Amino acid sequence: MSAEVQERRFPVRGLQLAARLWQPASTRPLIALHGWLDNAASFDVLAPQLQEYQVLAPDLAGQGFSDHRPLSATYHLWDDLLDIVLLADLMGWQQFSLLGHSRGAMLSVMLAAAFPERVQQLFLVDGVLPLPVTTSDTAQQLRRYVEGYRRERSHRYAASRSEAVHWRAETGGIGEAVAEILASRQLRESPHGWYWHVDQRLKAASAVKMTDAHNDALLAAIRCPVTIFLASRGLGSHPAMQELQQRWPGFDWRILDGHHHLHMTDSAGEIAAQCLASLSC
């Protein structure tokens, strides 16, 4: 399906954040947030099918064509929240819907909970919130965070572009067609070979992780309709997610056939149909 798409760049807190904007003439704003180590191309299949929405998909900091955060900064989940709100402000969107995949789904839930007056609809793809931890793990988590940010990490280089795509497909379990889409904004060539251009600090541990009580407090603060698409071969089969469905039956839970990146496969059509059907509800 053909659709108008623009490449945009935004000055946000000293960084240049890149984004793709589909259907710019539409009057229904939607911000699409990609998953961990992915980029805005994650929505190349789904966004053109959301014809009623103006879809803004940023490369979150440290990924895709966006700048990396300064060495003094971190990549905790909440570090992205201010960037997303500022992007909405720069677009002139006081209200908008959110579409999030995996880590982007977690960000979407946090944003909808913190700013319920701004978020009109929430669409989550194989993600809701981080798996909860117990408070007894607090000290060890802080240690993992400090050690993770002190560690030197280097890129892995491939001899050819196809080899680098194969690595991403293999390590992520996503299939080469999906890896090829992501490569359009993330794969780079250097004198050392081909590599995936992401800030390696994204692989470091968080300083703090949330408990069940934190997660429930966030979900309870959401005021908009919530539709959750779980992959049958992804989080849809995870016991913790099945328990979450029982605790929060008011959300619209849907299990679709596919793996974690189901929005980049044939399942995108079903996801788009559901998102568009919600407009008439």
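In which helix is the place of Leu142? Leu142 sits in helix α3, which covers residues 138-150. Before I continue, please note that the model under discussion is predicted.

Let me stay with helix α3. Leu142 is partly exposed, at a relative accessible area of 38%. Together with Trp78 and Val208, Leu142 makes up a nonpolar patch on the surface, and the three residues share about 260 Å² of accessible area.

Gln141 also belongs to helix α3, but Gln141 is buried, with a relative accessible area of 6%. Not counting residues up to four places away in sequence, Gln141 touches Ala205, Ser206, Ala207, Val208 and Lys209. The C-alpha atoms of Gln141 and Ser206 are 7.3 Å apart, although 65 residues separate the two along the chain. The side chain of Gln141 additionally makes a polar contact of 2.8 Å with that of Arg144.

Glu147 counts as partly exposed, at 37% relative accessibility.

I turn now to the salt bridges elsewhere. The whole structure contains 19 of them. One of these joins Arg20 to Glu7, where the closest N and O atoms are 2.6 Å apart. Because Arg20 is in strand β2 (residues 15-22) and Glu7 in strand β1 (residues 5-12), the pair ties together parts 13 residues apart in sequence. Arg20 is buried, at 16% relative accessible area, whereas Glu7 is partly exposed, at 45%. Both residues take part in a network of salt bridges that also includes Asp44, Asp59 and Arg185.

A further salt bridge, at 2.7 Å from N to O, is formed by Asp80 and Arg103. This pair links distant parts of the chain, 23 residues apart: Asp80 in helix α1 (residues 79-91) and Arg103 in helix α2. Asp80 is buried, with a relative accessible area of 2%, and Arg103 is buried as well, at 8%.

The largest nonpolar core has 51 residues, of which Leu122, Val128, Leu219, Ile222 and Trp253 touch the most other members. Helix α2 (residues 103-114) supplies the largest share of this core, 8 residues. Leaving aside neighbours within four places in sequence, the contacts of Leu122 include Leu98, Val109, Ala112, Ile222 and Val226. Apart from this core lies another, of 22 residues, including Ala32, Tyr53, Phe123 and Ala231.

Technical notes
Residues numbered from 1 in each chain as written. Predicted model: local features only at pLDDT ≥ 70, side-chain atom pairs only at ≥ 80, totals over all residues. Heavy atoms only, no water. Patch = residues over 30% accessible without salt bridge, like charges linked within 9 Å, V, L, I, M, F, W, Y side chains within 5 Å. Areas by Shrake-Rupley, 256 points an atom, 1.4 Å probe, with all protein chains shown as cover. Salt bridge = Lys/Arg side-chain N within 4 Å of Asp/Glu carboxyl O. Helix = DSSP H or I, 4+ residues; strand = E, 2+ residues; numbered from the N terminus. Buried < 20%, exposed > 50% of the residue type's maximum accessible area, 1.4 Å probe, protein only. Contact = heavy atoms within 4.5 Å. Polar contact = N/O pair within 3.5 Å; in protein donor to acceptor, adjacent residues only side chain to side chain. Core = buried A, V, L, I, M, F, W, Y, C linked by side-chain atoms within 4.5 Å.
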